[in-house]
Amino acid sequence: MGRVTINGTVAQFSCKRSIAKELWDAKGNRAKGKSRDELKAVMTHEFADPKLAYIRGLFVFASFTALSFVDIKELTNDRIVEVNGEKWIISKRHKTGVPFQVKLLDIPLQIIERYRPFQENNLVFPNLNYWSICKPLKKMIRECGVNKDISFHCSRHGFATLQGGGERESRCRWRKEKGNQCLPTPPATSPVG
């Protein structure tokens, strides 16, 4: 059950989805997300199936960049630029057209390099289909010993988990209070904004 206030009127809503009791955080009144330990289990697990390893790479990439599936699917090499010796993704959200900038840390850069030989048509991760990833993603998560119903969308919310509620989360909270969007702040010499 959730609540939303619109024009001073409080309305309650339900997602109509049941959730196992052990997956519900009663204190925070929300479903439990993935933890650092679970993400570490996913990152360090050795897969015999290369498809599951690839899906893990996409999931971890999304966890470190907070990009949506469609933004990863459409990511091209020309959207990865070097600014002051650091690699950045500078693009626009598919869904909204809003510009964004994401600094690429070591792990996402390693994932890009690992799958570079398979790149086609300038796409960083070619031939992606959301529905062909959903079922193997659940298999991949279970194989890593994570007993939660985690979708690909959950991966992009892992950035706060990775940062431990650190600087980015605080900056996002401050920007939202000021009415701004929550985007990583690029260096002053960035070609965008």
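Tutor: Two strands pair if DSSP finds at least two bridges between them. The structure discussed here is a predicted model.

Student: Which residue in the turn between β5 and β6 has a positive phi?

Tutor: These strands form a hairpin with 2 residues between them. The phi in question is about 55 degrees, and the residue is N84.

Student: What is the bridge partner of W88 in β7?

Tutor: Strand β7 spans residues 99–103 and pairs with β6 in the antiparallel sense over 5 bridges. β6 and β7 form a hairpin with 6 residues between them, and G97 in its turn has a positive phi of about 75 degrees. In β7, W88 is bridged to K103.

Student: Is A66 buried or exposed?

Tutor: A66 lies in the loop between α2 (50–65) and α3 (69–73). Its phi is near 65 degrees, a positive value in a residue other than glycine. Most residues other than glycine have a negative phi. The relative accessible area of A66 is 16%, and buried means under 20%, so A66 is buried.

Student: Is N121 buried or exposed?

Tutor: N121 is placed in the loop between α4 (106–114) and α5 (130–143). N121 is not a glycine, yet its phi is positive, at about 50 degrees. Because the relative accessibility of N121 is 71% and the cut-off is over 50%, N121 counts as exposed.

Student: Why is the pair of F69 and Y130 classed as it is?

Tutor: F69 in helix α3 and Y130 in helix α5 are 61 residues apart, and their pair links distant parts of the chain. Their ring centres are 5.2 Å apart. The ring planes stand at 75 degrees, and over 60 degrees is the cut-off, so the pair is edge-to-face.

Student: Which residues form one aromatic cluster?

Tutor: The rings of Y130 and W131 have centres 5.0 Å apart and planes at 85 degrees, so they too make an edge-to-face pair. F69 is buried at 11% relative accessibility, whereas W131 is exposed at 68%. The one cluster is made up of F59, F69, Y130, W131 and F152.

Student: What is the mean pLDDT of the protein chain?

Tutor: Of the residues in the chain, 63% reach 70 or more. Over residues 164–193 the pLDDT is below 50. Where pLDDT is low, the predicted coordinates should not be read in detail. For the protein chain, the mean pLDDT is 76.

Key
Residues are numbered from 1 along each chain as its sequence is written. This is a predicted model: local features need pLDDT of at least 70, side-chain atom pairs count only at pLDDT 80 or more; totals for chains, interfaces and linings use all residues. Side-chain values use heavy atoms; hydrogens and water are left out. Helices (H or I, at least four residues) and strands (E, at least two) are DSSP runs, numbered from the N terminus. Buried means under 20% relative accessible area, exposed over 50%, partly exposed in between (1.4 Å probe, protein chains only). pLDDT is the predictor's confidence in each residue, from 0 to 100. Contact means heavy atoms within 4.5 Å. Rings of Phe, Tyr and Trp (its six-membered ring) pair if their centres lie within 6.5 Å; planes under 30 degrees apart count as stacked, over 60 as edge-to-face and the rest as tilted.
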